[in-house]
Amino acid sequence: MDGPVMDQDRFDRLVEAYGAAPWRWPEGERDAATRFVQESPAAAEKLARARMLDEALDVWTPAGAPGALRERVLGSAPGWRVPVFRRPRFWWASAGLASACALGVVVGAVAAPPLTASREADPVSALASQFDGSAPFGGAFDVGAAP
Amino acid sequence: MKHPGPDPDEDLLIRVGRGEPAAARALVARKLPRLLSLARRMLGDQGEAEDVAQEVFLRTWRQAPTWRTGEAKLDSWMHRVALNLCYDRLRRRRENPTAEPPEQEDPGVAADLGLIRRQTGDAVASAMATLPARQRAAIVLCYYQELSNIEAAALMEVSIEAMESLLSRARRALRLALADEAVQE
C-alpha cells in the first residue's frame, strides 16, 4: 500500500506547523513522518528545535474555572434548581423568622405581667400558703392530719 | 456540516434538553475548563474569558431542546461559538483602543510555579497576544485545545493547507518574540 510521500521538505513543513510531538501530526502522515525521523539526521535536528518552542508553549497554563463561574453557568441550565439553603429567599425568610423570634423573647421579657411576683417576693406568705391548703401541693404537708 | 462517527456529548445534551440537572452538571464539568482556556488564551483576560464561557453555555442551554443529532459535534459547535465571541471582543478592542490592556497571569496562580517557569509562561502569554487573531486561534485550537487539523480547519472555515500556513507563521512569530524576550532579559 502506498502511504503519503514524506521527504525533508514535507517533514519540515509538518514540524513547522504542528510542532515536535508526533501525536499532533496529521493522522495520515504520522507513521511516515515517524519513520522519516529514524532515517534523517536533519529531521532529528528539526525536531529538536521545534521541541524547544513546544516546551515553552506547554508552560503557559491559564487559571482553571473558578467555582463561582461554575455555579453561574449551572444556575442558567434548564431545569436547574438552586439548593434551598443557597436561595436568597431562604436566607431572607430565615432572617425574618429569627428576628420575629428574638422580638417575641424581648417583648415577653419586658412587657408580660409579673403573675407570680407577689408570692415569690414574700417568702413568709409563700411558706404559709403551703399549710393553709391554698397552695396546689399544700396536701403534701398534711402528714399529721386525723384519719 | 455533517460529522463522521458518533458524538460522545450528544446523549448528555439531549438529557440537558429534558431538564436533567445531573446532565447539565456533567456537561459543565466536561466543557467549561476547555472553553474557558480557549477564551483565556484568545483574549488574555480572565474576566472576559469567563463572560465568553458563560455565554457559550447560555447558548448551549437554549439549543439543547432542539439539538439536531448528526449535524455537528457539540464540542466543535461550542468551540465555534466561543471562537466567534472571542473574535467579536477582539474586534471591539481594535475599534476601541483606549480599552485597558489584557491583564497578566494571576500571580496567585503562578505563585507555586518556579520563577523561570512563571517568566516563561508570561513571555508566552505576551507573545501570543502579539499574534494576529487568526494565527492565535490556529495555535489555540490545534495546540492547546488539541483538535485535529481537520476539526480546527473546519471550525475556522479554511483548508488544511491554509491552516498549516497559519500555524507555521504563528510558530515562527512566537519563536522570534520569545527570542527577543530572552535577549531583553
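A salt bridge is taken here as a side-chain nitrogen of Lys or Arg within 4 Å of a carboxyl oxygen of Asp or Glu. By this rule, three salt bridges are counted between chain B and chain A, and the count over all chains comes to 19.

The model is predicted: local features need pLDDT of at least 70, side-chain atom pairs count only at pLDDT 80 or more, and totals for chains, interfaces and linings use all residues. Residues are numbered from 1 along each chain as its sequence is written, chains are lettered from A and ligands numbered from 1 in the order in which they are written, and side-chain values use heavy atoms, with hydrogens and water left out.

**Interface of chain B and chain A**

The size of an interface is often given as the accessible area lost when the parts come together. Buried area is that loss, computed with a 1.4 Å probe and summed over both parts. Chain B and chain A bury about 3,600 Å² between them, with 64% of it on carbon and sulfur atoms. On the side of chain B, Tyr143(B), Glu164(B) and Arg171(B) lose the most area to chain A, together 18% of what that side buries. Contact means heavy atoms within 4.5 Å; 37 residues of chain B and 35 residues of chain A take part.

Glu164(B) also forms a salt bridge with Arg10(A), in which the closest N and O atoms are 3.1 Å apart. The side of chain B that touches chain A divides into 20 nonpolar residues (Ala, Val, Leu, Ile, Met, Phe, Trp, Tyr, Cys and Pro), ten charged (Asp, Glu, Lys and Arg) and seven polar (the others, Gly among them).

**Met128(B)**

Helices are DSSP runs of H or I with at least four residues, numbered from the N terminus. Met128(B) belongs to helix 6 (residues 115-130) of chain B. Relative accessible area (1.4 Å probe, protein chains only) under 20% is called buried, over 50% exposed, and in between partly exposed. Met128(B) counts as buried because its relative accessibility is 0%. Leaving aside neighbours within four places in sequence, Met128(B) is in contact with Trp60(A) of the other chain, and with Arg136(B), Ile139(B), Val140(B), Tyr144(B) and Leu174(B). Its C-alpha atom is separated by 38 Å from that of Arg15(B), 113 residues apart along the chain.

| Pair | N to O distance |
|---|---|
| Arg30(B) and Asp9(B) | 2.6 Å |
| Glu20(B) and Arg15(B) | 2.9 Å |
| Arg80(B) and Glu157(B) | 3.4 Å |

The side chains of Arg30(B) and Asp9(B) meet in a salt bridge. Arg30(B) lies in helix 2 of chain B and Asp9(B) in the segment before helix 1 (10-17), so the pair ties together parts 21 residues apart in sequence. Arg30(B) is partly exposed at 40% relative accessible area, whereas Asp9(B) is buried at 3%.

In the second pair, Glu20(B) is partly exposed at 26%, and Arg15(B) is partly exposed at 29%.

How values were computed:
Helix = DSSP H or I, 4+ residues; strand = E, 2+ residues; numbered from the N terminus. Buried area = accessible area lost by both parts, 1.4 Å probe.
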